[in-house]
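Subject: Structure for your review

Dear colleague,

Please find below the structure that I am handing over to you, together with its sequence. My findings follow directly after it.

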Amino acid sequence: MNTLNRENIFFAIFVAAVIVLAAIYFSVPERMDFLDFNIRWWKELLLALKSFSYMRIEI
Amino acid sequence: MGTASYISINILLLASWYVFLYGKKDCLSFADRLIGTFILFLTQIVATEMMLGVVLRKLYPLPLFLLNAAVSAGILALAWRRTGGFTGLYLEIRNETSRISGIITRERMLLCLFILFLLSMGWMIFLGYLFPSYSWDALYYHLPIVGQIIQSGAIEETQTPSFIQQYINIFPKNINLFFLWNVIFLGNGVVVDLSQAVFTIAGVLSIYSMAVKLKITEKYAIFCALLFFFTPVLILQSTTNYVDVAVSVLLLLAVNFLMCDDVESQMSGNVTGETFNERGIPLLLSGLSAGLLLGSKPTGPLFIVIILGVIFIQEIIKHKMAQGGEVNTLKDDLRVYALYFIMPAFLIGGYWYMRNWIFYGNPVYYMDVSVFNIHLLKGLKSDWVEPVPDIINSLNYLTRPFYVWLERVGYYLYDSRLSGFGPIWFVLFLPGIVFAFIYAAANKKYRFLFAGSLLLLMFMVHPRNWTTRYVIFIVGLGALSFGLVLDYFSRKENVLKFMALLLAAYTTITVNSPCIMPDKIREFIHLPAGERTLTRLKPSNIDMKVRDEYGYWIWIEKNISKGDTIAYTFVDTGLDTSRPFFFAPLWNTEFSSKVVYVKSDNYEQWLKELTNNGVSYILIRNDSTEDRWIEKERRLFYSLSWMGGMKEKFEIMYSDTKYKIVKYIKV
């Protein structure tokens with residue numbers, strides 16, 4: 001029982017640390033620029049896929 | 001023919017070493033034998049290329065193929081008798097594959113992570129195949145090293161006043177020799193930028209193997225090994241000709257084999273004598289990894305000093321704490337390390353330092369050597385080549401890495417800059433490391449403490465530990481620690497695995513570089529292989545700085561053919577990153593042309609040197625001395641051409657506002 005309790009406490013501490021670090025990591029102001037760049041990248045990829053010609057693939 | 005010889009020689013090398021290590025299965029696990037096969041494969045490549053390039057000066061495709069085929073055939077013949085035939089080998093591979101795939105498919109989240117890994121690997125290989133090598137250091141010195149060795153068939157110094165040429169001369173070239181291996185048979189650079197991807201796979205395998213040695217449940221060992229892969233700088237650099245992934249992975253491989261030493265049993269006195277196979281083979285593989293690492297980058301010696309320091313401390317502690325039952329004395333153990341670790345490490349990596357010592361009087365000529373402000377040895381530079389960003393200068397030793405780990409950047413790049421470890425490191429691995437060290441210390445997990453201390457100490461003493469690409473190995477420690485965390489909290493594993501999976505998915509979709517934009521992917525898919533060139537890619541990492549160079553690069557791509565020699569007549573005498581002079585685009589895409597530097601104080605001597613070097617084309621800067629000589633010669637030719645019987649020495653083939661390429665016609 002004691003071991004189980006200790007494990008639960010450690011787990012709670014670990015998960016709390018993870019949540020705090022995730023909050024710090026994802027809340028830096030530059031994260032928006034980073035996501036903006038990646039959203040643009042994926043939009044461009046979708047556009048590229050739409051105009052993709054399978055007939056002209058070169059190996 | 002080139003492709004067939006490349007594939008067959010690689011299969012022969014890998015098969016021969018796998019069969020050789022199959023005979024050592026009493027002391028090496030299946031994963032360790034796969035890793036060992038890779039280490040021996042690399043060692044053979046480096047050793048045979050050095051034999052042909054340094055000693056015989058015949059480093060050409062045919063001798064290299066024949067020498068390696070002979071060595072591998074010999075190993076295969078010797079080792080085959082002990083394997084018990086093909087059936088045993090086949091059955092082992094089949095059984096291990098189905099066992100591992102069984103573990104992966106039973107766990108839904110592990111399966112999802114594995115699928116993500118496969119997709120990322122596939123995408124990485126596709127991009128590496130589709131695009132030419134475009135990274136800064138690849139164009140600056142890694143590929144020129146390959147070009148210079150291929151054109152001369154020798155590993156030798158090239159004397160020019162160029163700063164970067166001097167850097168090329170003193171650079172330890174083990175990984176460059178692997179790049180060369182991926183060019184010389186194929187006769188092109190299509191797969192050379194995927195050289196580091198092989199190290200990435202070896203890195204994932206080594207984390208798995210280390211986790212198993214730490215007695216982490218196998219499903220968690222696989223999970224944490226796959227998480228190691230989701231490191232942005234690792235993924236992005238796997239398709240470039242840098243050497244940072246290789247260096248970090250070689251360190252992890254060396255540590256993995258050092259962990260074969262069962263410290264925990266020895267400290268508790270449960271040890272009997274070890275055979276050569278049990279101790280010597282893992283140590284030898286570790287020594288070879290360390291040697292490959294030593295000869296891969298100028299910081300190699302620092303890694304070796306730390307490894308040896310930690311081994312020494314471990315041995316002293318081990319012998320002090322051993323509760324009776326000791327078989328070997330400390331002296332015996334250190335002798336074993338000297339024989340099986342230090343000697344192979346020095347043999348496979350020490351050559352470059354000996355060479356620097358002989359030629360420049362400083363084994364680590366990369367930079368000045370000072371101890372406590374006492375200047376001991378003069379180097380090429382007094383400090384690191386890359387300047388420290390202002391923001392880093394304003395921070396202290398502890399806050400610098402944290403600033404970088406927060407990744408306050410707009411995108412990832414292969415050379416990491418102020419980012420590169422991704423969210424898994426910051427969110428999961430950092431608390432994991434703290435937890436794992438406390439847990440290991442409390443439970444006397446000496447193997448983890450040894451490996452962890454080594455990697456942590458290496459990270460702490462690295463002078464640029466805030467540059468993530470130099471210290472990728474520390475993510476390995478994070479992955480191992482997270483494996484221990486999963487093992488300890490196995491009853492609540494799903495919460496942790498779900499968070500890890502989310503972050504891995506986030507990493508997969510955000511690890512996009514501005515150097516490879518989707519419209520370029522579409523454009524390049526539709527181009528014939530020969531037209532997928534650097535000048536079409538115009539990668540953003542160099543684009544702004546080389547717009548004046550594109551013109552003559554395109555001309556070289558289209559017109560320089562096998563056997564042509566192009567002479568350049570100008571150099572950068574310092575490191576000017578605002579206007580770099582990239583060497584690699586001076587070669588044609590097949591690396592079958594030659595590039596030489598020809599400069600002289602007087603015209604007659606210059607002509608003589610052009611002739612002696614068999615120069616076909618000359619690259620000159622407008623308004624340079626050579627430009628004036630050529631202009632004078634051409635004016636003379638045209639003013640006297642009415643006389644007839646005269647041949648033009650110089651024919652202008654390409655001209656823009658900054659450069660000319662002139663055909664040199666020997667009269």
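The contact between the chains draws on 24 residues from chain A and 30 residues from chain B. On the side of chain A that touches chain B, the elements giving two or more residues are α1 (2–26) and α2 (30–50) of chain A. By class, the residues on this side of chain A comprise 16 nonpolar, two polar and six charged. Please bear in mind that the model is predicted.

Chain B as a whole

Chain B contains 28 helices and seven strands. Its radius of gyration is 27 Å, which agrees with the value near 26 Å that a compact globule of 667 residues would have. Along the principal axes, the C-alpha atoms of chain B occupy a box of roughly 100 × 60 × 50 Å. Of the 667 residues in chain B, 46% are buried. Among the contacts in chain B with a separation of 6 or more, 76% are between residues 24 or more positions apart.

Helices α2 and α3 of chain B

Two helix pairs in chain B were examined. In one pair, helix α2 (residues 30–55) of chain B packs with helix α3 (residues 61–80) of chain B at an angle of about 130°, and the axes are 10 Å apart. The two helices α2(B) and α3(B) are therefore oblique to each other, and their crossing is right-handed. From α2(B), the residues that make the contact are Q44(B), T48(B), E49(B) and L52(B), while α3(B) contributes P63(B), L64(B), L67(B), N68(B) and V71(B). Sorted by class, the contact of α2(B) with α3(B) has five nonpolar residues, three polar and one charged.

T48(B) counts as buried because 23 other C-beta atoms lie within 10 Å, the cut-off for a buried residue being 20 or more. When its neighbours within four places in sequence are left aside, T48(B) is in contact with L64(B), L67(B), N68(B) and V71(B). For T48(B) and V71(B), which are 23 residues apart along the chain, the C-alpha atoms are separated by 9.2 Å.

Helices α5 and α10 of chain B

In the other pair, helix α5 (residues 108–130) of chain B and helix α10 (residues 218–229) of chain B pack at an angle of about 30°, with 10 Å between their axes. The crossing of α5(B) and α10(B) is left-handed. The contact of α5(B) with α10(B) has eight nonpolar residues, no polar residues and one charged residue.

A loop residue of chain B

Finally, A322(B) is located in the loop between α15 (300–321) and α16 (330–349) of chain B. Because A322(B) has 16 C-beta neighbours inside 10 Å, it counts as partly exposed; this class lies between the limits of 12 or fewer for exposed and 20 or more for buried. The C-alpha atoms of A322(B) and E264(B) are 9.6 Å from each other, although these residues are 58 residues apart along the chain.

With kind regards

Notes:
Residues numbered from 1 in each chain as written. Chains lettered and ligands numbered in written order. Predicted model: local features only at pLDDT ≥ 70, side-chain atom pairs only at ≥ 80, totals over all residues. Helix = DSSP H or I, 4+ residues; strand = E, 2+ residues; numbered from the N terminus. Rg over C-alpha atoms; globule rule 2.2 N^0.38 Å. Contact = placed C-beta atoms within 7 Å. Axes fitted to C-alpha atoms, helices over the stretch in contact; angles between N-to-C directions. Parallel < 35°, antiparallel > 145°, perpendicular 65-115°, else oblique. Left-handed = near helix turned anticlockwise from the far one by under 90°. Nonpolar A, V, L, I, M, F, W, Y, C, P; charged D, E, K, R; others polar.
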